[in-house]
Amino acid sequence: MLGSIRKHSTWLWGIIIAAMAASLVVWTGNRNGGQGERGDGTLGTIFGKAVTQADLREALNEVRLQYFLMRHEWPAASQDLERNAYQRIFISRKAELLGIHVADEDVARVAAANLARMGVPKDPSISMATVFEQQILSKGGLTIEDFDRYLRHDLAERQLISALGLSGQ
């Protein structure tokens with residue numbers, strides 16, 4: 001039998017390679033490689049809750065805003081921020097799952113501190129939030145709602161870390 005296999009090895013390898021190639025085409029055709037929508041229009045689930053395109057877009061806006069607040073420049077279009085966006089969705093869903101809610105007063109306090117730190121001028125005739133949105137957020141294609149959502153999720157993440165006692169060391 002081994003002699004027969006050796007004798008016909010050339011065309012046996014051809015059959016094996018063709019079968020493997022066909023199976024890989026079928027196998028990879030059924031996968032989306034973690035990219036794009038599934039059949040139900042979602043991108044997957046986190047903690048049993050569907051992740052939609054809108055969820056991802058909002059999380060990407062938060063990641064872009066976080067980048068800006070840390071570096072005082074908007075991220076380049078070529079930067080891959082999607083992984084960080086999924087991490088933000090994961091953390092915000094975990095905080096939601098654990099019942100962590102952020103008070104409006106805390107959001108307002110942190111927002112005012114951030115705006116003052118960034119040098120947004122205090123003008124009694126116009127709100128600091130409006131100035132911030134017009135002068136800074138609009139350059140990054142974001143709105144004040146994105147800033148509010150970012151602050152809420154950031155404060156919830158801080159509370160989550162505090163509640164779980166994670167020191168980061």
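These legends accompany close-up views of one predicted model.

**View 1. Overall layout of the chain.**
The predicted chain has 169 residues, and buried residues make up 28% of them. Its secondary structure comes to seven helices and two strands. Along the sequence, these elements follow the pattern α-α-β-β-α-α-α-α-α. Contacts between residues at least 6 apart in sequence were also sorted by separation, and 61% of these join residues at least 24 apart.

**View 2. Helix α3 against helix α7.**
Helix α3 spans residues 53–71, and helix α7 spans residues 144–164. Their axes come within 9 Å and cross at roughly 80 degrees. That angle makes α3 roughly perpendicular to α7. On the α3 side, the contact uses Glu58, Asn61, Glu62, Leu65, Gln66 and Leu69. On the α7 side, Asp146, Phe147, Arg149, Tyr150 and His153 take part. By class, the residues of this contact are four nonpolar, three polar and four charged.

**View 3. Helix α4 against helix α7.**
How far apart are the axes of α4 and α7, and at what angle do the helices pack? The axes are 9 Å apart, and the angle is about 65 degrees. The two helices are therefore roughly perpendicular to each other. The crossing of α4 past α7 is left-handed. From α4, the contact draws on Arg88, Ile91, Ser92, Lys94 and Ala95. These meet Tyr150, His153, Asp154, Ala156, Glu157 and Leu160 of α7. The contact of α4 with α7 divides into five nonpolar, two polar and four charged residues. Tyr150 and His153 of α7 belong to this contact, and both also belong to the contact with α3.

**View 4. Helix α3 against helix α4.**
Helices α3 and α4 pack with their axes 8 Å apart, at an angle of about 105 degrees. They are therefore roughly perpendicular to each other. In α3, the residues involved are Asp55, Leu56, Ala59, Leu60, Glu62, Val63 and Gln66. In α4, they are Glu82, Asn84, Ala85, Tyr86, Arg88, Ile89 and Arg93. This contact has seven nonpolar, two polar and five charged residues. Glu62 and Gln66 of α3 take part here, and they also take part in the contact with α7. Arg88 of α4 is in this contact and in the contact of α4 with α7.

**View 5. The nonpolar cores.**
The largest nonpolar core holds 25 residues. Which members touch the most others? They are Leu65, Phe132 and Phe147. Helices α3, α5 (104–117), α6 (128–135) and α7 each give two or more residues to this core. The largest share, six residues, comes from α7. Beyond its neighbours up to four places away in sequence, Phe147 touches Leu65, Leu69, Ala111, Asn114, Leu115, Phe132 and Leu137. A second, separate core has nine residues, including Ile46, Ala59, Val63 and Ile89.

Is Phe68 buried or exposed? Phe68 counts as buried because its relative accessibility is 9%, and buried means under 20%. The residue sits in helix α3. Neighbours within four places in sequence aside, Phe68 is in contact with Glu73, Trp74, Met118 and Ile136. Gly140 is 72 residues from Phe68 in sequence, yet their C-alpha atoms are 8.8 Å apart.

**View 6. Two loop residues with positive phi.**
Phe47 lies in the loop between β1 (45–46) and β2 (49–50). Its phi is positive, about 55 degrees, although Phe47 is not a glycine. Phe47 counts as partly exposed, at 39% relative accessibility. His72 is in the loop between α3 and α4. Phi of His72 is also positive, near 60 degrees, and this residue too is not a glycine. With a relative accessibility of 51%, His72 counts as exposed.

Ala103 is found in the loop between α4 (82–97) and α5. The residue is partly exposed, with a relative accessible area of 30%. Ala103 and Leu155 are 52 residues apart along the chain. Their C-alpha atoms are separated by 9.5 Å.

Technical notes. Residues are numbered from 1 along each chain as its sequence is written. This is a predicted model: local features need pLDDT of at least 70, side-chain atom pairs count only at pLDDT 80 or more; totals for chains, interfaces and linings use all residues. Side-chain values use heavy atoms; hydrogens and water are left out. Axes are lines fitted to C-alpha atoms, for helices over the stretch in contact, and angles run from 0 to 180 degrees between N-to-C directions. Helices (H or I, at least four residues) and strands (E, at least two) are DSSP runs, numbered from the N terminus. Angles under 35 degrees count as roughly parallel, over 145 as roughly antiparallel, 65 to 115 as roughly perpendicular and the rest as oblique. Contact means heavy atoms within 4.5 Å. Ala, Val, Leu, Ile, Met, Phe, Trp, Tyr, Cys and Pro count as nonpolar, Asp, Glu, Lys and Arg as charged, and the others, Gly among them, as polar. A nonpolar core is a set of buried Ala, Val, Leu, Ile, Met, Phe, Trp, Tyr and Cys residues joined through side-chain atoms within 4.5 Å. Buried means under 20% relative accessible area, exposed over 50%, partly exposed in between (1.4 Å probe, protein chains only). A crossing is left-handed if the near helix is turned anticlockwise from the far one by less than a right angle, and right-handed if clockwise.
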